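Please read the following points alongside the sequence and the model. They are set out for a reader who is new to structural description.

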Amino acid sequence: MKNIISPILISALSLTLTTGCIEDFQPEGGSVSAGQVANAPGYYNSAVEALTATLSGTFMTGNTLTSYDFGYSSLGLQRDMLGNDIFMPNNGSPFFVWYYNFVGLGPQYAYSSYPWNTYFKWIYNCNNLLLITGDTPSAAQRAGYGQARAMRAMFYMDLAQMYAQQPYTVDKEALTVPIVAENTTDSNNPRVTQEVMWAFILDDLNAAEELLDNYVRTDVYTVDKSVVYGLKARAYLYMGEWADAEKYAKMAQEGYTMMTNEQYLDRNTGFNTPNQSWILATKFEPNSDNIKLNDGSNSWASMMCLEDLSGMGYTSFGYCTLIDRHLYNTIPSTDIRRKAFIDFSIDDLASKEDKVEALKAYADADYTESIYNAGRISYNGGVGGMSVKFRLTGGSMGHTVASVGFSVAYPMMRVEEMKLIEAEAAGMQSEARGEQLLKAFATYRDPGYVYGTHNEAYYNTSTSKFLNEIWWQRRVELWGEGFATFDIKRLQKGVIRSYAGTNHRQGARYNSDKVPDWMTFVIARDEADYNEAIVNNPTPVKPSGDSPEFVW
């Protein structure tokens with residue numbers, strides 16, 4: 001049975017349907033006329049709310065047992081797991097297929113359906129709003145219309161990078177995904193080239209910039225013009241349009257400042273509460289399905305936050321997220337970000353008591369034993385490399401009541417990213433200017449920063465020392481925030497998991513001196529079966545075994 005959404009269903013569509021079963025949705029065709037819904041009471045406001053309502057907290061598959069189904073933060077974690085900087089080594093982890101068993105990312109599996117269907121359902125919500133407002137939104141509708149254009153651009157930006165086999169600067173003709181705009185009705189809808197896709201994205205962003213002029217939002221969970229500037233900075237960086245990338249990255253920073261080092265490591269609000277550096281975010285609410293069902297175990301905080309005494313999170317059962325040991329070793333002791341990860345040397349201490357005592361450098365005494373126990377039962381059998389970057393919210397109650405602690409915010413865009421885009425774009429025009437901006441950024445986190453110390457042999461020799469430094473800063477600063485695959489593909493880097501002293505699990509110690517094929521996403525089979533114009537990407541090939549150890 002085809003996953004078709006009929007005009008009759010569309011005419012009755014409301015916010016309720018946007019949180020319903022993904023099987024009711026097909027992205028290739030289907031449209032809704034403004035006349036069908038213009039008279040529905042409150043429909044426009046519901047359509048605006050729908051733009052962000054399912055970014056967090058909703059089971060988009062309709063299956064509450066799908067533990068990786070928790071929205072935008074899950075998709076970022078999926079992309080990060082494909083690299084080497086962050087991983088969850090336990091067999092049976094919800095993200096194990098993205099870390100280890102790449103054959104499971106083939107078109108016949110649900111893992112490939114999830115990103116495809118989820119992104120296109122969000123795009124449908126954007127198109128729905130654009131249709132009911134028409135080409136000439138009223139003054140009261142301009143902000144919602146602009147938000148829809150901006151968010152549609154953001155979703156297509158992600159998809160374009162996930163599904164294109166080469167970056168824009170290497171091959172503009174590489175295929176991305178089909179464009180489904182608000183008036184698309186033809187189900188025979190081919191993938192478009194990067195050149196066509198990014199022109200479409202920029203058209204949306206240009207319109208959004210104008211429409212959101214003078215719009216003042218009430219929180220960071222809604223798109224405003226600063227978000228549009230940030231999206232433009234991302235787009236132009238990816239396209240290699242350095243002057244525009246620098247320009248918009250600077251514009252996006254207006255009104256924001258970097259989070260302080262104290263905020264970065266705050267044990268109560270660290271990366272769970274918006275602050276002056278967050279430009280765009282999404283939030284899990286206590287009454288959202290991902291929190292109230294299955295004891296909140298199928299949610300971002302369940303996967304990423306230690307110190308859980310409720311026993312509901314995946315981290316409680318040893319499914320801990322780790323930083324790559326080599327990346328950790330390259331973070332100087334003077335860099336405060338090193339403290340966002342538990343020192344590997346703690347595992348060398350003689351007794352449990354010594355280890356629990358040492359963990360007080362990372363967590364309050366009430367939670368150190370739970371961290372120790374989580375590490376002990378994990379695949380690695382220790383606490384070294386476990387992340388304390390992302391904290392549970394709600395204070396002491398949040399550590400014992402999952403519905404409180406797991407109701408965290410997730411950063412989708414921070415000013416720190418914009419500063420790094422500005423530095424990179426400036427450096428591609430004048431390396432001296434880029435280096436100066438990079439040093440200013442780096443020394444804020446590390447007063448002892450020395451430029452040029454991260455130009456290691458394994459890095460792709462086609463990139464400069466400057467780009468290697470930029471990439472290293474992005475890897476450390478934005479760790480766990482969904483950028484790993486995008487950066488590796490954009491900079492044409494490789495993956496190194498096998499080396500002496502690695503903490504990657506056996507059977508997943510893969511090395512690749514180029515962008516691995518598993519970082520190019522495969523289109524779900526249902527889509528390819530229905531849309532005859534689809535030409536799919538090759539199914540990723542799982543390496544036959546661990547790679548020989550790389551020598552640094």
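1. Cys 305 has a relative accessibility of 1% and therefore counts as buried, since the cut-off for that class is under 20%. This is a predicted model, and the values below should be read with that in mind. Cys 126 is likewise buried, with a relative accessible area of 0%.

2. How many disulfides are found in the whole structure? The search finds zero. Cys 305 illustrates the result: the nearest cysteine sulfur belongs to Cys 320 and is 12 Å away, whereas a disulfide requires sulfur atoms within 2.5 Å.

3. The largest nonpolar core holds 159 residues, and the members that touch the most others are Phe 155, Tyr 156, Trp 198 and Ile 342. Helix 8 (residues 142-163) supplies the largest share of this core, with 14 residues. As background, nonpolar side chains in soluble globular proteins tend to be buried together.

4. Ile 342 deserves a separate look. Leaving aside residues up to four places away in sequence, its contacts include Leu 306, Tyr 328, Leu 359, Tyr 362 and Ile 371. Val 383, Gly 384, Gly 385, Met 386 and Val 388 are also among the residues that Ile 342 touches.

5. Most residues other than glycine have a negative phi. Glu 307, which is not a glycine, has a positive phi of about 65°. Glu 307 lies in the loop between helix 14 (300-304) and strand 3 (322-323), and its relative accessibility of 3% means that it counts as buried.

6. Gln 492 also has a positive phi, near 55°. Its place is the loop between helix 23 (484-491) and strand 5 (495-496). Is Gln 492 buried or partly exposed? At 24% relative accessibility, Gln 492 counts as partly exposed.

7. The count of aromatic pairs comes to 35. In one of them, the ring centres of Phe 96 and Tyr 99 are 6.2 Å apart and the planes meet at 55°, so the pair is classed as tilted. These two residues stand three apart in helix 6 (residues 96-99), which means that about one helical turn separates them. Both Phe 96 and Tyr 99 are buried.

8. Ring pairs also join several residues into a cluster: Tyr 68, Phe 70, Phe 95, Trp 98, Tyr 111, Tyr 114 and Phe 284.

Notes
Residues are numbered from 1 along each chain as its sequence is written. This is a predicted model: local features need pLDDT of at least 70, side-chain atom pairs count only at pLDDT 80 or more; totals for chains, interfaces and linings use all residues. Side-chain values use heavy atoms; hydrogens and water are left out. Buried means under 20% relative accessible area, exposed over 50%, partly exposed in between (1.4 Å probe, protein chains only). A nonpolar core is a set of buried Ala, Val, Leu, Ile, Met, Phe, Trp, Tyr and Cys residues joined through side-chain atoms within 4.5 Å. Helices (H or I, at least four residues) and strands (E, at least two) are DSSP runs, numbered from the N terminus. Contact means heavy atoms within 4.5 Å. Rings of Phe, Tyr and Trp (its six-membered ring) pair if their centres lie within 6.5 Å; planes under 30 degrees apart count as stacked, over 60 as edge-to-face and the rest as tilted.
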